[in-house]
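Please open the model in a viewer and keep the selection panel at hand.

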Amino acid sequence: MRKDVRILLVGEPKVGKTSLIMSLVSEEFPDEVPLRAEEITIPADVTPERVPTHIVDYSEAEQSDEQLYQEISKANVICIVYSVNNKKSIEKVTSHWIPLINDRTDKDSRVPLILVGNKSDLVEHSSMETILPIMNQYQDIETCVECSAKNLKNISELFYYAQKAVLHPTGPLYCPEEKELKPSCIKALTRIFKVSDLDNDGILNDNELNFFQRTCFNTPLAPQALEDVKNVVRRNMTDGVKDNGLTLKGFLFLHTLFIQRGRHETTWTVLRRFGYDDDLELTQEYLFPMIKIPPDCTTELNHNAYLFLQSVFDKHDKDRDCALSPDEVKDLFKVFPYMPWGPDVNNTVCTNDQGWITYQGYLSQWTLTTYLDVQRSLEYLGYLGYSIIYEQESQAAAMTVTRNKRIDLQKKQTQRSVFRCNVLGARGSGKSGFLQAFLGRNLQRQRQIREDHKSFYAISTTYVYGQEKYLLLHEVMPDFDFLSEADLACDVVCLVYDVNNPRSFEYCAKVYKQYFIDSKTPCVVIAAKSDLHEVRQHYSLSPHEFCRKHKLHPPQPFTCNSTDAPSKDIYTRLTTMAMYPHMAQADLKNSTFWLRASVGATVFAVLGFAMYRALLKQR
């Protein structure tokens, strides 16, 4: 909401602009009225909306046209004052003041207008018959108030309406000609309905309505009040209530009713609670809350964030097959202004046999987004309403910023859950195959992937000593001379060469010697396509000799040309090295290091699967 409100009073001379201001301040009609009142500021604590309000007077006798134009450009709302007993002052509203104000304000951000009929104490009749056609003609006119500075009639109401016109404008919400909500308002309220519909059945039941009410207005509705609300909807439309819950149509009808009855603030309270600004766009503060990430630290989702994402998955997995069909994905992202996942996501995470993203793949994609681009992850959680449903100050509460990697190395332990492995190698060495094999896809399945749907990332879970961790594989483009810091910043490095291509290993050797020989980042050489005939590499040292010389583990044979899903052992090893880089170097000659990690991984993978099945039964 705005931090303050600036009200400008304009109109013909002698209509009582200054008297209105002075009557408001002193609560009595002034004996002597100056040509113009000084600008006054009403402090926040004495205004109904708790917002400081500046009231500015205009005097034709004291001010130039240029000064008037400046005041119009600064005003948040303009009161056009006329005298109810002076026809000429009423005519000037349309012949002079409205055209002048419209000329001086931007068409896309018109300032709201309030028509003020002063001196109602001097006549017995109302000016409303004359004024109503004017209100219908000009959309910028919020309301009309008849008042008397002398009798103090409707003075405080006038300034309250002016404040309200700024803080709770009708313009963005409602079209008076059509007597219906504007499309942008419908769109915003539809998102709010979907976020509040916690079980995604298209109805707000009593629990959901109460949660919504408490979230927006800090108070639940009494059972009778809930019934009254539903009865109002029932009386006015046939499909507004279904199974004793409020449908989207009923929800939109209620807000139309609020606005038609002058209760715009109710709808605005809801919109602002869900992150919307005066233009019905989600605010930058809502979508991108401040989060500090020091150098050498990474970002991960915390336990509450995973619980929330789990509930979002459950809400949209209508057929309970633990995967999201294309229609279910589309439904999930209906609260977004665009589709955030492209077809490459299906080749970045685990999918089922139909190519649909599984529950594990869904959580993996969220983990990847948070690690690579925390701002985007905050934005996505904002669209889903994380901070509202979990009653947090912002989505930043869903994030864990890990400690500096240097401290992990010093303490020889880490609390991190996501580890990055950069995969380097010459073109055609088998990097893409290595990434896809991690997602359980053999060569036959990989051949079905379209070129334009390929991904340079793959992420899934592995188990190391009983702990579930995420391993994020990133295929680095083989442009040797342009490896950036981002290409090199990781927890473990894979150098992939093709055993069947004699020129393949040279790239790995060069990259290692130029970028990683003095690095503390563990490196593993992968002998890819190991099902093919191994040829001699055109390099001064064989891959085995090179690894021995540089104290690296021997080349790890790997193939994804198998009938079943490729072996996951190598990925467990990589995660283990990423978690314990000091042990990876110390235990170079000790094969039990790998054995312990692999056996631990197998046991806990089996345990993990059993627990996952049990969890699904509960769900």
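The stops below begin with the overall view and then turn to individual selections.

This is a predicted model, in which local features need pLDDT of at least 70, side-chain atom pairs count only at pLDDT 80 or more, and totals for chains, interfaces and linings use all residues. Residues are numbered from 1 along each chain as its sequence is written, and side-chain values use heavy atoms, with hydrogens and water left out.

**Whole protein.** Display the C-alpha trace, which spans about 105 × 55 × 40 Å along its principal axes. The radius of gyration is 34 Å, whereas a compact globule of 619 residues would have one near 25 Å; the value is taken over C-alpha atoms, and the globule rule is 2.2 Å times the number of residues to the power 0.38. Switch to a cartoon to see 25 helices and 20 strands, which are DSSP runs (helices H or I, at least four residues; strands E, at least two) numbered from the N terminus. Of the 619 residues, 52% are buried, that is, under 20% relative accessible area with a 1.4 Å probe, protein chains only.

**Domains.** Colour domain 1 (5–167), domain 2 (180–281), domain 3 (294–337 + 345–402) and domain 4 (412–579) separately; the bounds come from an automatic or database domain assignment. The C-alpha centres of domain 1 and domain 3 lie 51 Å apart.

**Trp268.** Select helix H10, residues 264–273, and find Trp268 within it. Is Trp268 buried or exposed? Its relative accessibility is 0%, so Trp268 counts as buried. Leaving aside residues up to four places away in sequence, Trp268 touches Leu167, His168, Pro169, Pro172, Leu173, Asp277, Asp278 and Leu280; contact means heavy atoms within 4.5 Å.

**Helix H18.** Move to residues 431–438, where seven of the eight residues are buried, so helix H18 is largely enclosed by the rest of the structure. The buried residues of H18 are Lys431, Gly433, Phe434, Leu435, Gln436, Ala437 and Phe438. Just after H18, select Gly440, which takes a positive phi of about 85 degrees.

**Thr521.** Finish in the loop between helix H21 (504–516) and strand E19 (523–528), where Thr521 lies. Thr521 counts as buried because its relative accessibility is 16%.

Definitions and conventions: Buried means under 20% relative accessible area, exposed over 50%, partly exposed in between (1.4 Å probe, protein chains only).
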